[in-house]
Amino acid sequence: MVKVLFVCLGNICRSPMAEFILKDIVKKRGLENEFIIDSAATSGYNEKFQLGIYPEAKDILKKMNVPFTEHMSRHMKKEDYDQFDYILAMEEENITNIMKIIEGDPKHKVMRLLDFTESPRDIIDPWYYGNFDATYSDITYGCEKFLEYVMDSSNEKTL
Ligand code: 4NP
């Protein structure tokens with residue numbers, strides 16, 4: 001079983017998109033029973049106000065035929081560090097904020113999603129910058145490469 005937690009600032013755009021995109025990819029490959037996939041925010045704001053997936057993020061998931069279920073933003077907790085094998089951030093700033101929550105990463109679980117690709121970089125926040133097509137394509141690329149990494153039996157944490 002591989003347990004993956006996607007993390008962004010608000011948990012209403014990028015990390016829920018990543019959660020449902022990876023769920024869709026693993027389902028299409030018949031691997032859904034091998035994965036637990038969740039998402040969380042470094043900010044507590046959207047949990048406080050009980051916010052779900054941002055409308056434009058929902059629109060792009062619908063447009064790309066990625067199924068999603070009811071989602072409510074949740075603030076990442078320190079205990080998540082023990083619950084998950086991979087804690088995948090969208091950008092470097094998320095990692096700074098994640099470290100404040102988990103107070104250290106002795107098992108090297110925290111990485112940016114695009115660090116698994118040939119083009120390691122941040123996935124910029126569409127909530128501020130507004131390009132949900134680019135966000136979708138970055139996340140899909142990252143999820144495909146992450147899955148390749150996990151399925152590679154030479155890596156430490158495999159199925
Ligand atoms: P996300 O985008 O981190 O991709 O979910 C944001 C959504 C909401 C806020 C910031 C970023 N916000 O400040 O409420």
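Buried here means under 20% relative accessible area. All the close-ups below come from a predicted model.

**Close-up A. Cys143, a buried cysteine.** With a relative accessible area of 0%, Cys143 falls under that cut-off, so Cys143 is buried. Its closest cysteine sulfur belongs to Cys8, and the 13 Å between the two sulfur atoms is too far for a bond.

Close-up B. A disulfide is a covalent bond between the sulfur atoms of two cysteines. Here we count a pair of cysteine sulfur atoms within 2.5 Å, and by this rule the model has zero disulfides. Take Cys13 as a case: the nearest cysteine sulfur, that of Cys8, is 7.0 Å away, and Cys13 is in no disulfide. Cys13 also counts as buried, at 3% relative accessibility.

**Close-up C. The residues around the ligand.** Cys8 and Cys13 turn up again here, among the residues that surround the ligand. The space that the ligand takes is the largest pocket.

Close-up D. For Asn11, a backbone N or O atom lies 3.2 Å from a ligand oxygen. Asp125 takes part through its side chain, where an N or O atom is 2.9 Å from an oxygen atom of the ligand. On its own the ligand has 360 Å² of accessible area, and the protein covers 91% of it.

How values were computed:
Residues are numbered from 1 along each chain as its sequence is written. This is a predicted model: local features need pLDDT of at least 70, side-chain atom pairs count only at pLDDT 80 or more; totals for chains, interfaces and linings use all residues. Side-chain values use heavy atoms; hydrogens and water are left out. Buried means under 20% relative accessible area, exposed over 50%, partly exposed in between (1.4 Å probe, protein chains only). A residue is near a molecule or strand if one of its heavy atoms lies within 4 Å of it. A polar contact is a pair of N or O atoms within 3.5 Å; within protein, one must be able to donate a hydrogen and the other to accept it, and residues adjacent in sequence count only if both atoms are side-chain atoms. Accessible areas come from the Shrake-Rupley method with a 1.4 Å probe; for residues, only the protein chains shown count as cover. On a 1 Å grid over the protein atoms alone, a cavity is a set of points where a 1.4 Å probe fits but cannot get out, and a pocket is an open set with protein on both sides within 12 Å along at least five of seven lines; lining residues have an atom within 4 Å of a point. A molecule sits in a cavity or pocket if more than half of its atoms lie within 2 Å of its grid points.
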